[in-house]
Amino acid sequence: MNTSLCQSPSHLTRRSLLRGASTAGISWLTPLADLLAVEAEKAPSGKPARSVILLWLGGAASQLDTFDPHPETKIGGGVKTIPTAIKGVEFASGLEQTASVMQDVSLIRSMVSKEGDHERAFYNIKTGYRPDPTLIHPSIGAIVCHELPEAKIEIPTHVSILPNQWPARGGFFGAKYDAFQMYDPKFPVPDVKARVEDKRMDRRLESLSVVEHAFAQGRAPDLDQTKTLHQVSMQRARSMMTSDQLKAFNVKDVPAKELEVYGDTPFGRGCLAAVRLIQAGVRCVEVTLNGWDTHANNFEGQATQVKILDAAYASLIRDLKRLGLLESTIVLCGGEFGRTPKINNVGGRDHWPHGFSMLVAGGGFASGRVIGATDPQGEKKEPEKPVFVEDLHATAQDLLGIDYSREVMTPIGRPMALSKGEVVDELKA
């Protein structure tokens, strides 16, 4: 093992750290990573973030049983608490590892959404807009990939790991900005390996090129006569199929000790793959942990998911920081809304969009802060210092160097701003 990778980041430049990756068994990313590191060293301090990781708590985690506990109150449900690295701030027990990295993270306890239905709230959080029957808005990952294109990477730059029924969409930017979907990273990426030998595959592509050429000749004169959308898609697919960067997706060969620190679960492996993909130059990775929709047996269900989340989240933050990538990578962690202060008749908590929690880290977000507060008695819907969904989007885009107020023209000829929110200065470092 290259011992330089275990040194404190303060003793290494990012370039030397990423060059050392080649001797640690991840040489597949070295040329691109080295180029990115050179560009990063030339850039002035305070440079914008370049990537996003979204850890999606599908079904909606209970803020009261995770990041915003109110022990010994009528809404607390008997929750036990632990201290965090932020003085005076407590989490629910079970989040010990996450609590230990909070000096690098900020906590929003006052997220507010106007959507209390799962599908509509998913859409709202992922796009920053409420659903509109006249168009589909792009998700945050699609916006990042559209506004910050990366030409030097051969694999998709927008990736969704363990997606549920509502994956991230390209919206009015087009299907090419949809997230590339994959499941447990311990298995190979599906449908990227040819089913025939190389020579036979080449013959098939030659035959296809004859058809493509004939089709292109029949195109209107104001269109590119040398390309078709199908041809471009085939070229991209072929480039991906033969790229060494595909190895970033697969954690099967990662040493067991590295997997164990993330918790050897599909979500933990997804978080490890997310770090590897960011190293390779991917712009946005979404990793989903479903199972938080606890209308019944809330306390047992939340505890089960907390155990999976804790090790994975803390390890992701630690590794990004160790690799010198946290400063350029925004990490968002949360679900579509929170859960009610009131405990229902079957020991569950229902939907609550009026004041829930979100963890934000890296990429120019402040660290070690807590923004907002909820009523410990659960009687007031309005939290202190509310942060609206669209404002979180505007802040993230601003930190990425994107003009969030810029209007783009949709396919139906309608101008649409990338975000209708406003930057929350308190969230910025």
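**Helix packing, burial and backbone features of the model**

The crossing of helix 9 and helix 10 in this predicted model is right-handed (the near helix is turned clockwise from the far one by less than a right angle). Helix 9 covers residues 266-280 and helix 10 covers residues 298-322; helices are DSSP runs of H or I with at least four residues, and strands are runs of E with at least two, numbered from the N terminus. The axes of the two helices lie 9 Å apart and meet at an angle of about 15°, which means that helix 9 is roughly parallel to helix 10 (an angle under 35 degrees). The axes are lines fitted to C-alpha atoms over the stretch in contact, with angles from 0 to 180 degrees between N-to-C directions. On the side of helix 9, the contact (heavy atoms within 4.5 Å) is made by Phe267, Gly268, Cys271, Ala274 and Val275. Helix 10 contributes Ile308, Leu309, Ala312, Leu316, Asp319 and Leu320.

Glutamate 260 belongs to helix 8, residues 256-261. Glutamate 260 counts as exposed because its relative accessibility is 54%; exposed means over 50%, buried under 20% and partly exposed in between, with a 1.4 Å probe and protein chains only.

The protein as a whole has 11 helices and 15 strands. Of its 429 residues, 53% are buried. Among contacts with a separation of 6 or more, 71% join residues 24 or more positions apart.

Helix 5, residues 140-147, is mostly covered, with six of its eight residues buried. These buried residues are Ile140, Gly141, Ala142, Ile143, Val144 and Cys145. Their cover includes strand 1 (51-57), helix 4, strand 5, strand 7 and helix 11 (389-399).

Helix 4 spans residues 118-127 and contains histidine 118. Histidine 118 counts as buried because its relative accessibility is 15%. Apart from neighbours within four places in sequence, histidine 118 touches Gly59, Trp166, Asp293, His295, Glu336, Phe337 and His351. A further pair is formed by histidine 118 and glycine 335, which are 217 residues apart in sequence, with 9.7 Å between their C-alpha atoms.

Most residues other than glycine have a negative phi. Leucine 162 lies in the loop that links strand 5 (158-161) to strand 6 (180-182), and leucine 162 is buried, with a relative accessible area of 16%. Asparagine 297 is placed in the loop between strand 7 (284-289) and helix 10.

The mean pLDDT (the predictor's confidence in each residue, from 0 to 100) is 85 for the protein, and 76% of its residues reach 70 or more. Residues 1-28 stay under 50, and the model has 45 contacts beyond four places in sequence for them. Residues 35-45 are also below 50, with 14 contacts beyond near neighbours in sequence.

Residues are numbered from 1 along each chain as its sequence is written, and side-chain values use heavy atoms, without hydrogens and water. Local features need pLDDT of at least 70 and side-chain atom pairs count only at pLDDT 80 or more, whereas totals for chains, interfaces and linings use all residues.

Definitions and conventions
Parallel < 35°, antiparallel > 145°, perpendicular 65-115°, else oblique.
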